[in-house]
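Trainee: I have a few things to ask about this model. Can we go through them one at a time?

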Amino acid sequence: MNCLQNLLKEPPIVGSRSMRRPSPLNLTMVRGGSRRSNTVKTASGASTSSAESGAVEAGTEKSDTYSTNMTQAMGAVLTYRHELGMNYNFIRPDLIVGSCLQSPLDVDKLRDIGVKTVFCLQQDPDLEYFGVDICAIQEYCLQCKDIEHCRAEIRDFDAFDLRLRLPAVISKLHKLVNHNGGLAYMFWILGYSLNEGHQLLQSKRACFPKLEAIKLASADILTGLSKNSITLKWESDSCSSVEISGLDVGWGQIIPLTYDKEKRAWYLERELPEGRYEYKYIVDGKWVCNDNEKKTKANADGHVNNYVQVSRDGTSDEERELRERLTGQNPDLTKEERLMIREYLEQSFADMLMRENIIRIGLH
């Protein structure tokens, strides 16, 4: 589970017998993600009951299933061992990446190292899958009064959902603390190029953040998020069902096509934001490419997909060049662009508060 943590502290005096105590950590963000260890370790000589062993086996089985789904969705071998408990790595003095809190006991572990705010990105289904009582964790934080728990749910392993939700999430994060962590925040606010932040993150922890989603979200903020309609077509009257996987719903979901009797073909019309989308047809349960539509080159596993490039109408040359730069191999932002993003995040947060106040007024 992806976990971010912000610290505001002075560096320790290296080589001295005494160390200055760091000032409080301000933020931790929790999310589903990877863990390096693949084995369950117990203390040497410790005995476990059959009930405890059964609980560990059940937890291991759930972790195996979750890790398999994560690997398939991310296209890289990733492992999460929930039964080993909360874990994290220091990426830099003001950034920690790790797993989700599993119980109120984990709140105390974070308080012990000075964490003041927990920012959770997990969706309810993921928490329920592992039996995490998020309400108990939030209630315990309230009782402690020196640590805050906030949430902003993002669908795991879904780059399209991340692209759309990322600006709102980071705007909320931006208001929680003055300085905070995370790859997108390092890119948008702290002055890192995207590749620099990515290399730093990977040097400390095995993970595969969705770089393409961050690139597209950056371009969406600076050029505007616009959509255009596409039409996909499968010509055949000899099959009973045609579906598509990929596009904006990811590889774990499917979209049915509609059959047109007069044209004797299957159609899908969909509005998509600018960007490149890969997909594949599922015809009578068989995954196939459409030879009449654009196809990718074979990837490392030899798989080939169809793809569509979506552009908006009326795009200026300046906007097109900016989007190409931000979605290129090594995107970076100018000071002016970072200022524009900061202003956008602040306005987004203000708009979100206004909507929440309107909802509260409506409920009363």
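Trainee: Is K145 buried or exposed?
Mentor: Before that, keep in mind that this is a predicted model, where local features need pLDDT of at least 70, side-chain atom pairs count only at pLDDT 80 or more, and totals for chains, interfaces and linings use all residues. Residues are numbered from 1 along each chain as its sequence is written, and side-chain values use heavy atoms, leaving out hydrogens and water. Buried means under 20% relative accessible area, exposed over 50%, and partly exposed in between (1.4 Å probe, protein chains only). K145 has a relative accessible area of 76%, so K145 is exposed.

Trainee: Where does K145 lie?
Mentor: Helices (H or I, at least four residues) and strands (E, at least two) are DSSP runs, numbered from the N terminus. K145 isn't a glycine, yet its phi is positive, at about 70 degrees. Its place is the loop between helix 4 (134-144) and strand 6 (148-151).

Trainee: And L247, buried or exposed?
Mentor: L247 is also no glycine, and has a positive phi of about 50 degrees. You'll find L247 in the loop between strand 8 (242-246) and strand 9 (250-256). Its relative accessible area is 9%, so L247 is buried.
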